[in-house]
Amino acid sequence: MNSQRSSEVRASDVLVVGAGIAGLSHAIAAVERGLSVTVIDRDARAVGASIRNFGHACVTAQTGELYELAQVAREKWLRYGALAGFFHAESGALAIARTAAESAVLDELSASRDTGQVRLLTAAEARGQLGATSDPTIVGGALLRDDLRVDPREAVGALAAWLSDQPGVEFSWRTGYLGASDGVVHTSRGDFRAARTIVCVGHDLDLVAPALAERYQVERCALQMARVEAPDGLTISPAVLTGTSMLRYPAFAETDAAAALRAEMAARHPELVDIVANVMFTQRPDGTLIVGDSHRYGVTQDPFLAESTSSTLLDAIAQILGVAELRVVERWQGVYASSPQQPFVIAELAPGVTAAIVTSGVGMTISLGLAEKTFGTF
């Protein structure tokens, strides 16, 4: 059942607000438990953070509870990728090292993990993953076995389409959430009834629950990203991470060796530090590369893209690939929820109403696992 809900049918066990990856993950968790579910979204399809990212499930670079949630999510990506028929690749990730400090981080991470999860590469092996013209200063790398790739522009829509065909599932698109209490959900299309409401609105948490957003200091992180043509038809199977990535993802950043890398990056690449760069890229099934990204934090974000930031990122990636320049197909601004306190929030807004949002850049990585945690709190 995949059309707008009729006025006669407005009751379900669970109502999910938001049809991004977090909302769909909670809808899937409800279906797995045999519950009926309604999903509402203010847009006609998902157009937020869930389609504006790299499509990288960054499993290996997580630690602690994030790592556990990422491993749960990994299995679900594989399961529902097969069921819904969207692109999903167990191609891992390639972390390249171009200095001794970066190599030291990879060495330490490899030594701390199970055999085979982080496989160290020689310079030749790492460059072989990136093509014959790749940066000759690459001194080594590591393959992160458990990472996955999906196409972010396809995966979320395919999951929604698959869910809409399941018994007991209804979608109500272009429906704004106005609040919920006593089992009644108020929307721009009238009231719905649900025993449990789960609010998955990401960075818009402050629009529906401002006190909760302020409690956890939830703000918006704005990214600059682009899609470029692959040089000479190059095929790159894994997601590609760099030294800047090692300063952002906890499994790298928590190593003892990361302190020296942080100092080195500040001294050698202040232009990347200034834009809080995570220089990385992934390849879509059509062959183009998703490249980025920068990070800017604030409760409200201006929509304007700085060309100097885009140039800094594009130049850094062109150097890795060993080409003079990259041909840009598209540019966009990504926005996701961020909190300096914790990477996700699960909190009760009212009896029977729970907010569940990812407050870091790992929504694609953990959401399918986070939904299991949310249901475990009921």
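**A close look at strand 20 and beyond**

Reply: Let's begin with a pair: Ala350 has Val353 as its bridge partner in strand 20. Before we go on, keep in mind that this is a predicted model.

Ala350 belongs to strand 19, residues 344-350, which pairs with strand 20 in the antiparallel sense over 6 bridges. The two strands form a hairpin with 2 residues between them, and there Gly352 takes a positive phi near 80°.

Now look at the other neighbor. Strand 12, made of residues 190-199, pairs with strand 20 in the parallel sense, over 3 bridges. Because 6 of the 6 residues of strand 20 (residues 353-358) are buried, the strand is largely enclosed by the rest of the structure.

Strand 9, residues 169-172, gives you another strand to set beside this one. Both of its faces are covered: Val169 and Phe171 on one side, and Glu170 and Ser172 on the other, are all buried. Strand 9 pairs with strand 2 (residues 37-40) in the parallel sense over 4 bridges. Within that pairing, Val39 has Phe171 as its bridge partner.

In soluble globular proteins, nonpolar side chains tend to be buried together.

Find Trp77 on your screen next. Leaving out residues up to four places away in sequence, Trp77 touches Ile21, Ala57, Phe86, His88, Leu148, Val150, Ala155, Leu159, Met364 and Leu368.

Three strands make an open sheet in the order 3-8-4, with antiparallel pairing. Strand 3 (56-57) and strand 4 (88-89) are its edge strands, each pairing on one side only. Strand 3 and strand 8, which covers residues 148-150, share 2 bridges. His56 has Arg149 in strand 8 as its bridge partner.

The largest cavity holds about 70 Å³ of space. Its lining includes Gln224, Met225, Val291, Gly292 and Arg331. Strand 13 (219-228), strand 16 (289-292) and helix 12 (307-321) each supply at least two residues of that lining. By class, the lining has 6 nonpolar, 3 polar and 1 charged residues.

The second largest cavity holds about 30 Å³ of space. Among the residues that line it are Phe54, Arg149, Val150, Thr282 and Ile290. Strand 8 and strand 15 (280-283) are the elements that give two or more residues to this lining. Here the classes are 4 nonpolar, 3 polar and 3 charged residues.

Let's finish with some backbone details. Most residues other than glycine have a negative phi, and most peptide bonds are trans. With that in mind, visit Gly292, one of the residues lining the largest cavity. A cis peptide bond joins Gly292 to Asp293, with omega about -20°. Asp293 sits in the loop between strand 16 and strand 17 (296-298).

Asp182 has a positive phi, near 55°. You will find Asp182 in the loop between strand 10 (177-181) and strand 11 (184-187). Its relative accessibility is 74%, so Asp182 counts as exposed. Val276 has a positive phi as well, near 50°. Val276 lies in the loop between helix 11 (270-274) and strand 15. With a relative accessible area of 30%, Val276 is partly exposed.

Terms used:
Residues are numbered from 1 along each chain as its sequence is written. Side-chain values use heavy atoms; hydrogens and water are left out. Buried means under 20% relative accessible area, exposed over 50%, partly exposed in between (1.4 Å probe, protein chains only). Two strands pair if DSSP finds at least two bridges between them. Contact means heavy atoms within 4.5 Å. On a 1 Å grid over the protein atoms alone, a cavity is a set of points where a 1.4 Å probe fits but cannot get out, and a pocket is an open set with protein on both sides within 12 Å along at least five of seven lines; lining residues have an atom within 4 Å of a point. Grid points are joined across faces, edges and corners, and a volume is the space filled by probe spheres set on the points. Ala, Val, Leu, Ile, Met, Phe, Trp, Tyr, Cys and Pro count as nonpolar, Asp, Glu, Lys and Arg as charged, and the others, Gly among them, as polar.
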